[in-house]
Amino acid sequence: MNFKTARRRASKLIMLVLLSWLSSVYAAQWAVVGAGPAGIVIVGLLLDLGTPREDIVWIDPEFNVGRMGQYYSTVPGNTKTSLYIEFIQACRTFQDCAPGALQELQKYELALEYPLSIIVKPLQQITACMSQKVTTQKTMLTGLEFANDTWHIECANGFECDAQRVVLATGSYPRSLNYTNSPEIPLDCALNQQLLSESVTPDDTVAVVGSAHSAVLVLKFLSEMPVGRIINFYKKPFVYTTDMGGWLLYSSSGLKGVAAEWAKNVLEKNPPCNLVRVYNSEKARAAWLPLCTKIVYAAGYDRNPIPGCNPDMNYDTQTGKIAPGLFGIGIAFPEVIIDPAGNQEHKIGLNSFMQHALEMLPEWMRTKDVLWRFKEFEELFTIQVL
Ligand SMILES: Cc1cc2nc3c(=O)[nH]c(=O)nc-3n(C[C@H](O)[C@H](O)[C@H](O)COP(=O)(O)OP(=O)(O)OC[C@H]3O[C@@H](n4cnc5c(N)ncnc54)[C@H](O)[C@@H]3O)c2cc1C
């Protein structure tokens with residue numbers, strides 16, 4: 001290379017550096033959108049793998065452990081303490097960030113389920129600590145575009161970023177069904193006993209739609225407070241998570257913990273006298289809903305909208321891949337499995353997200369520029385298995 005060419009190349013390089021500095025578009029290998037349990041898992045594992053802090057951008061408006069942190073701390077969980085311990089143990093960064101977490105969890109009965117606060121607190125500590133290790137933006141993602149092999153991200157606070165890989169851990173919100181004009185008690189409020197008791201009076205007849213974990217908890221809470229009548233509209237019979245020796249029947253969809261105990265021993269055997277259960281048909285709704293003064297929909301969750309993306313966008317339910325370099329995880333993009341009895345299960349919950357991330361991150365990383373980190377992941381995974 002002669003002197004002239006070298007000089008031309010050097011000035012071009014300086015121009016490029018200056019331009020990228022002036023354009024104030026951050027460049028990152030990874031953008032993780034969402035700081036609920038699923039986003040926390042991804043950031044933790046990326047840090048475990050030695051991903052440089054400036055290579056990770058983490059975006060969330062709250063950084064408070066998603067819906068769990070915001071609404072469900074007091075809710076009876078469906079996860080045994082031993083599984084929370086396994087969850088923390090699966091990630092070195094979690095243990096570094098919350099050194100007392102394992103000891104605290106070990107104070108609880110390992111085989112029992114407790115209110116979610118027992119895991120929300122360590123997750124808040126982990127979030128605060130990991131936020132110091134990576135680049136965070138406390139804002140909403142407002143735009144996502146793919147061009148020139150890169151994802152361009154725009155946020156509500158004006159932050160822009162070009163990322164090689166984007167992980168959407170953006171969560172879901174409770175589905176509302178519009179059955180009646182009677183006032184709705186939002187599910188997030190109904191799952192908080194204090195707020196629920198402030199929302200009903202002894203004159204109310206409250207409709208509860210659904211028959212899974214959240215619906216059963218709301219029925220239990222209502223039956224323990226002064227309320228007129230409770231009418232439960234159900235479509236499916238109760239199913240219970242059952243240990244089949246080596247695998248769990250209805251591992252995600254089945255009732256567990258407090259909800260399972262109450263459904264089995266109270267609802268199915270000796271229901272409260274002010275509670276009626278009716279099969280959720282159009283005819284039944286026409287007959288019973290006019291009696292109801294309030295309604296709670298506990299009928300599932302819908303994915304939070306992702307700006308710039310089709311709300312019904314498909315994803316690979318095995319790998320979480322949405323598009324090249326775009327991946328989904330968590331309650332919005334759950335892994336789907338068929339259990340040995342042929343039931344389709346959406347794998348939701350901290351341990352499922354961790355397991356899925358441990359399995360999928362090597363695949364998500366398998367590109368030219370990040371190949372070296374795959375080696376580290378294999379080593380980490382071997383340690384976990386042992
Ligand atoms: C009654 C009940 C009991 C439960 N018990 C358990 C249990 O015992 N164990 C268990 O493991 N799980 C339990 N769960 C499930 C658990 O709460 C959810 O699976 C979990 O919260 C989902 O985590 P997530 O990270 O996928 O989503 P979320 O918690 O919804 O977090 C998503 C995050 O993404 C952010 N976000 C959304 N859109 C954007 C955007 N455009 N830009 C930036 N950020 C965005 C949100 O602000 C939020 O912080 C329970 C749930 C309920 C309802």
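Me: Which polar backbone atom is 2.6 Å from a ligand oxygen?
Reply: One that belongs to Asn-78, in this predicted model.

Me: OK, what about Pro-37 and Tyr-84, backbone or side chain?
Reply: For Pro-37, a backbone N or O atom lies 3.2 Å from an oxygen of the ligand. For Tyr-84, an N or O atom in the side chain is 3.4 Å from a ligand oxygen.

Me: Which elements give two or more residues to the shell?
Reply: Those are α2 (37-48), α3 (66-70), β3 (76-80), α10 (213-223) and α13 (350-365).

Me: How many residues surround the ligand, and what classes are they?
Reply: There are 37. By class, that shell has 20 nonpolar, 15 polar and two charged residues. Asp-60, Thr-79 and Leu-141 are among the closest.

Me: Switching to rings. How many aromatic pairs are there?
Reply: The count is ten. One of them is Phe-146 with Trp-151, a tilted pair with 4.7 Å between centres and 45° between planes.

Me: Are those two buried or exposed?
Reply: Phe-146 is partly exposed at 39% relative accessible area, while Trp-151 is buried at 7%.

Me: What about Tyr-315 and Phe-333?
Reply: They pair edge-to-face, 5.4 Å centre to centre with 90° between the planes. Tyr-315 is in the loop between β16 (301-303) and β17 (321-323), and Phe-333 is in the loop between β18 (326-328) and β19 (335-338), so the pair ties together parts 18 residues apart in sequence. Both residues are buried.

Me: Which charges sit over rings?
Reply: Lys-264 lies over the face of Tyr-240, 4.8 Å from the ring centre. The charged end of Arg-285 is over the ring of Tyr-179, at 4.3 Å from its centre.

Key: Residues numbered from 1 in each chain as written. Predicted model: local features only at pLDDT ≥ 70, side-chain atom pairs only at ≥ 80, totals over all residues. Heavy atoms only, no water. Phe/Tyr/Trp six-rings, centres within 6.5 Å; stacked < 30°, edge-to-face > 60°. Buried < 20%, exposed > 50% of the residue type's maximum accessible area, 1.4 Å probe, protein only. Helix = DSSP H or I, 4+ residues; strand = E, 2+ residues; numbered from the N terminus. Lys NZ or Arg CZ within 6 Å of the ring centre and 35° of its normal. Near = heavy atom within 4 Å. Polar contact = N/O pair within 3.5 Å; in protein donor to acceptor, adjacent residues only side chain to side chain. Nonpolar A, V, L, I, M, F, W, Y, C, P; charged D, E, K, R; others polar.
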